[in-house]
Amino acid sequence: NYTIERYIDNPDAAKNDKAYLNKLLDEVAEKRKLATTTWNKPLDEFISVMKELETEIKTASNNLKTIVDKADQQVKDEKKAKIIEFWNTLNFTIVPIERVFNPKWLNKGEKMASIMEECKAIVDKITTEMNTLKSMKDEDSDVLQSFYLETLDLNATLAKGNQLKENRARIKAAEEEERKAALAAET
């Protein structure tokens, strides 16, 4: 009924019908909005209640998390105390447990028996490597042992020993050159 062809020669009718259609459009849009609001009201209420419930559940869960975390930390603290107690029974005072302590030992899956074996292996390794350094008849033996206790790395310590020897050789060569230069200057 409202095709352009009907209104080509009648602009006043087009103006009146346009006003009518705009009013009709507003009424349809209003009824759609009302229907949407009416239709969605139960859903909006449901969403609101569910969000409130989610917030309450999250709060309760976080409260329980603090209790769980505290209990887990207590178990870890007790396990760490047992590990330290075992370390102390090894009578190994050269290196404190804090230097070699592995945080994974506190995991639930780590058994005390395997942790004890690791501790013994660490003590054996350090003892063997210290004995190796002591057995070296080197003028830097004390320095190298001290360096080893800082790094707990035998390869790095041996490399340091080689570096000290090379430095000493360079110094000796430089002193020899100076001595030769001094002798040459005198003659």
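Colleague: At 44% relative accessibility, how does R179 count: buried, partly exposed or exposed?

Modeller: The model is a predicted one, in which local features need pLDDT of at least 70 and side-chain atom pairs count only at pLDDT 80 or more, while totals for chains, interfaces and linings use all residues. Residues are numbered from 1 along each chain as its sequence is written, and side-chain values use heavy atoms, with hydrogens and water left out. Buried means under 20% relative accessible area, exposed over 50%, and partly exposed in between (1.4 Å probe, protein chains only). At 44%, R179 therefore counts as partly exposed.

Colleague: With which residue does R179 form a salt bridge?

Modeller: A salt bridge here is a side-chain nitrogen of Lys or Arg within 4 Å of a carboxyl oxygen of Asp or Glu. An α-helix has 3.6 residues a turn, so residues three or four places apart point the same way. The closest N and O atoms are 2.3 Å apart, and the partner of R179 is E176.

Colleague: How far apart are the closest N and O atoms of E117 and K120?

Modeller: E117 and K120 both lie in helix 4, 3 residues apart, about one turn of the helix. K120 is partly exposed, with a relative accessible area of 35%. The two residues form a salt bridge, and their closest N and O atoms are separated by 3.9 Å.

Colleague: Which residues are linked with K104 in a network of salt bridges?

Modeller: K104 forms a salt bridge with E118, the closest N and O atoms being 3.4 Å apart. That pair links distant parts of the chain, 14 residues apart, with K104 in the loop between helix 3 and helix 4 and E118 in helix 4. K104 is partly exposed at 34% relative accessibility, as is E118 at 26%. The network joins K104 to E110 and E118.

Colleague: How many salt bridges does a search of the whole structure find?

Modeller: Those discussed so far include R179 with E176 and E117 with K120. The search of the whole structure finds 7.

Colleague: Is L152, with its positive phi of about 55°, buried or exposed?

Modeller: L152 has that phi although it is not a glycine. The residue is found in the loop between helix 5 (141-151) and helix 6 (154-186). With 16% relative accessibility, L152 counts as buried.

Colleague: What is the relative accessible area of N91?

Modeller: N91 also has a positive phi, about 50°, although it is not a glycine. Its place is the loop between helix 2 (11-89) and helix 3 (97-100). N91 is exposed, and its relative accessible area is 66%.

How values were computed: Helices (H or I, at least four residues) and strands (E, at least two) are DSSP runs, numbered from the N terminus.
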